Amino acid sequence: VPNTYPCRRPPAETLREGRGIRRLRPMGYQPVSRCEGPRVEDIDELLQEFLVESHELLDTLDESFVLLEENPSDSVALGSIFRVMHTIKGTCGFLGFNNLEGLAHKAENLLSLLRDGSLSLSTAMTDALLATVDRIRRFLDVIEATQHDEGVETADLDARLVALAEG
């Protein structure tokens with residue numbers, strides 16, 4: 001039976017035997033001296049899946065933006081764009097790509113306000129969202145090359161997205 005408690009002690013029953021306490025452990029338990037993280041191969045595979053999925057998701061946005069341009073109140077198109085940003089943001093948070101996560105979060109906030117009707121889509125918003133998609137693609141290229149999300153400037157776009165969300 002493999003050790004099913006790699007990062008914490010298993011629940012243990014205790015029995016008093018004379019002066020000491022004896023812990024009963026599950027059969028096959030192997031003590032672990034330290035928490036072992038994921039294997040490098042697993043990280044590489046997860047990163048590759050993230051990159052491929054993110055590129056595929058971004059490719060689907062072209063049609064959504066065309067629909068949104070034709071009908072700025074198209075809730076299906078807005079929802080589609082929102083879900084892509086939400087997915088990328090969440091995965092970046094999980095993988096520790098904080099810079100890309102921050103950008104996607106700001107775009108998601110703007111899209112949320114558009115979706116719930118608090119704001120109406122403007123040309124400036126569409127431009128900022130399209131610029132966000134381009135910047136995310138740049139981030140993905142950097143991540144693929146370096147396995148980090150540093151070196152892509154977002155301050156200008158962050159400020160635009162926040163200003164647009166504030167109305």
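A salt bridge, as the term is used here, is a side-chain nitrogen of Lys or Arg within 4 Å of a carboxyl oxygen of Asp or Glu. The model is predicted, so local features need pLDDT of at least 70 and side-chain atom pairs count only at pLDDT 80 or more, while totals for chains, interfaces and linings use all residues. Residues are numbered from 1 along each chain as its sequence is written, and side-chain values use heavy atoms, with hydrogens and water left out.

Begin by selecting Lys89 and Glu108, which form a salt bridge whose closest N and O atoms are 2.8 Å apart. This pair links distant parts of the chain, with Lys89 in helix H2 (residues 75-95) and Glu108 in helix H3 (residues 98-115), 19 residues apart; helices are DSSP runs (H or I, at least four residues) numbered from the N terminus. Both Lys89 and Glu108 are buried, where buried means under 20% relative accessible area, exposed over 50%, and partly exposed in between (1.4 Å probe, protein chains only).

Next, select Arg135 and Asp156, whose side chains meet in a salt bridge at 3.2 Å, N to O. Here the link runs from Arg135 in helix H4 to Asp156 in helix H5 (residues 155-165), 21 residues apart. Arg135 is buried, with a relative accessible area of 10%, whereas Asp156, at 43%, is partly exposed.

Finally, select Asp59 and Arg137, which meet through their side chains in a salt bridge of 3.3 Å, N to O. Asp59 lies in helix H1 and Arg137 in helix H4 (residues 123-146), 78 residues apart. Asp59 is partly exposed at 46% relative accessible area, and Arg137 is partly exposed at 22%.

How values were computed:
Helices (H or I, at least four residues) and strands (E, at least two) are DSSP runs, numbered from the N terminus.
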